Each structure stands twice: as structure tokens, then as C-alpha cells.
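Reader: I'm new to this one. Can you walk me through it, starting with a sheet?
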Amino acid sequence: MISILIPTYNYDIRQLVRVLHAEATGLSIAFEIVVREDASIHFTSENLEIEDMANVVYHVNPENLGRSATRQLLAKEANYENLLFLDADVLPFESDFIKKYLENLKTQVICGGITYNGVQANANQQLRYIYGSNKEQQTAVQRSKRNYIITAGNFRITKALFLKINAKLENFYGDDLLLSQNLKNEKASVLQIDNPVQHLGLETSAQFLEKSIEGVASIIALEKEDLLDTDFTKLQSVYVKLKILFLIKPLFAYLTRRKAGMKANLLSQKPTLLYFDLYRLQHYINLKRQENA
């Protein structure tokens with residue numbers, strides 16, 4: 001009935017698998033939980049423990065392929081048509097997590113969302129935590145306003161559709177955007193529901209900021225290949241509006257002067273999300289200028 005697929009890299013997935021296994025077993029359904037380790041260095045011996053559980057399969061990639069390619073392998077090998085993809089660093093927030101996904105099997109894609117309720121952040125993780133709590137943590141009603149943008153660390157999709165739209169990308173920060181764009185291109189039926197997972201694996205503020213900048217570069221790369229609409233993300237939409245108003249040049253000059261101060265704030269214990277948006281916007285404008293040079 002359902003294949004629960006978990007790509008993982010250097011993360012202890014034992015608790016996640018145990019929680020999922022307990023619920024699925026209690027539902028008396030046909031299921032499998034398949035974990036694919038992406039050439040990890042850490043937690044490899046610990047994660048081997050899940051092999052002793054019924055209906056659990058554990059694979060190891062001989063080389064690091066990245067999340068998108070690992071998902072592709074998981075989907076191809078899945079035994080059921082319904083695929084539930086989860087990131088390794090999450091935990092279901094409610095005890096009826098799998099059950100909620102099984103209630104809407106006629107819809108091609110279902111996204112349950114993410115929550116930071118109960119998640120503890122260290123002093124050097126404040127940017128990731130504040131961003132997640134204020135930007136990523138949304139109700140189903142809020143997410144449905146931009147329905148094709150899915151939380152790819154927690155979604156159910158039909159196997160046929162996933163294999164059709166999942167791009168075989170290199171390991172870069174932004175493959176989820178292309179997945180969402182392809183859902184839009186296919187006019188897939190997408191349902192947003194309130195069935196979140198807790199995001200436990202918080203990065204440091206410095207790591208998150210670096211990945212976010214990599215994500216901006218990924219947007220530019222996808223635009224260049226005509227794989228992403230130029231107004232698909234909020235960042236792109238803001239740029240388009242600013243360009244119409246002839247505000248790109250003065251704003252870029254202003255943001256460039258403020259860049260060092262904004263970065264210092266973002267790496268502090270009290271980061272400001274407005275600075276985060278502006279910091280990414282400055283980088284996006286800079287890359288667009290380089291493209292047009």
C-alpha cells in the first residue's frame with residue numbers, strides 16, 4: 001500500500017524508523033520502510049540496527065549521489081505506488097501521521113508541512129530556527145496559497161508521477177524548487193494538509209546562511225536552463241517588481257553597502273529575517289548583473 005522512503009546522510013535515523021514502524025504495524029497495512037544511506041561516514045553502524053525490523057530495508061550508496069538521485073533510486077525500487085518521502089532529520093508530530101496520508105490516496109501529491117514546536121535550538125542555530133518557525137512553519141491553509149511549493153522533506157506522491165518529474169540533479173541546494181516547478185508544469189493535483197513533522201537537524205546560522213546563498217545561485221542556474229519560471233519564488237517576484245519600478249540599481253548599491261552589517265546580524269543570537277531576505281536579494285541581483293554583463 002505505501003512505501004516510506006528516507007534518504008539519509010550522516011544522521012541517526014533509528015528513532016524515526018521506530019516511530020514509523022510502530023504506527024504502520026498498528027494500522028495493519030502493507031508497507032515498507034526503505035532507507036538509503038548516501039555514502040555516509042557517521043552513524044553507519046548505529047543505523048544498521050533497523051535491518052532487524054520487519055518490512056524495513058537498508059541500502060548504502062557506494063558513493064555520494066545527492067538527495068535527488070538517491071530519491072530516484074528509492075522510488076524506482078519501491079514496491080508500492082504510494083511513496084511517502086521523509087528527510088532523515090525529522091519526526092512525525094502526531095501519532096496518526098501515516099494514517100492521515102492514507103486518507104487522501106486519490107490525490108497525486110499530499111504535503112503535510114513542517115513544525116518547529118518543541119524543537120530546541122542552540123545559540124549558534126538561531127537563524128535556522130527563527131527562519132523555520134516564521135517562514136517554513138505554516139498551516140495547510142497558508143501553504144495552499146502557493147500550492148505547488150511543497151515541503152519536500154515530508155510529502156506523499158504517486159510513484160508514476162514522481163519518476164516522471166524528479167530531475168536527476170547534482171547535489172546542490174535547490175532541487176526541491178525544481179520538483180515543485182515540475183509539479184506545476186504537470187498540473188498535478190496537490191493537497192496541503194496539517195500533518196507536520198518536526199525538523200530536528202538544525203544547522204548552524206553560518207551553515208544555513210551559506211546554503212541559502214547556494215540556493216540563490218541554484219535559482220539563477222535553473223533560470224538559465226529555462227527550468228524555473230522567473231517569478232516562481234518570492235525572491236524572483238520581488239526582483240521582477242523592482243525591475244519594473246527601475247529600483248534595482250539604487251537598491252543594489254544600498255544593500256551592498258549594508259551587506260557586512262546584515263551578515264553580522266544574521267550570525268548573531270538575534271537575527272532579523274528582513275536582513276535575511278535583503279541579504280539574499282543583494283546576492284540575487286549581483287548574480288543577475290553578472291549574467292547580463
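Author: This is a predicted model.

Reader: What holds strands together in a sheet, in general?
Author: Backbone hydrogen bonds, in either a parallel or an antiparallel arrangement.

Reader: Back to this pair. Which residue in β10 is the bridge partner of Pro92?
Author: Val197 is the bridge partner of Pro92.

Reader: OK, zooming out. How many helices and strands in the chain?
Author: The chain has 12 helices and 10 strands. Its radius of gyration is 20 Å, close to the 19 Å that the globule rule gives for 293 residues, so the chain is as compact as a globular protein of that length.

Reader: What box do the C-alpha atoms fill?
Author: Roughly 60 × 40 × 40 Å, taken along the principal axes.

Reader: How much of the chain is buried?
Author: Buried residues are 50% of the 293. As for the accessible surface, it comes to about 14300 Å², and carbon and sulfur atoms account for 52% of that.

Reader: Switching to charges. How many positive and negative side chains?
Author: There are 34 positive and 33 negative side chains in the chain. The centres of the two sets lie 10 Å apart.

Reader: Now the backbone. What is phi of Ser28?
Author: Near 55 degrees, which is a positive value in a residue other than glycine. Ser28 is in the loop between α1 (14–27) and β2 (31–37).

Reader: Is Ser28 buried or exposed, and why?
Author: Ser28 counts as exposed because its relative accessibility is 66%, and the cut-off for exposed is over 50%.

Reader: And Asn55, what is its phi?
Author: Phi of Asn55 is near 65 degrees, again a positive value in a residue other than glycine. Asn55 is in the loop between α2 (44–47) and β3 (56–60).

Reader: How does accessibility class Asn55?
Author: As partly exposed, because its relative accessible area is 43%.

Conventions. Residues numbered from 1 in each chain as written. Predicted model: local features only at pLDDT ≥ 70, side-chain atom pairs only at ≥ 80, totals over all residues. Heavy atoms only, no water. Helix = DSSP H or I, 4+ residues; strand = E, 2+ residues; numbered from the N terminus. Rg over C-alpha atoms; globule rule 2.2 N^0.38 Å. Buried < 20%, exposed > 50% of the residue type's maximum accessible area, 1.4 Å probe, protein only. Areas by Shrake-Rupley, 256 points an atom, 1.4 Å probe, with all protein chains shown as cover. Lys, Arg positive; Asp, Glu negative; His and termini not counted. Charge placed at Lys NZ, Arg CZ, Asp CG, Glu CD. Pairing = 2+ DSSP bridges.
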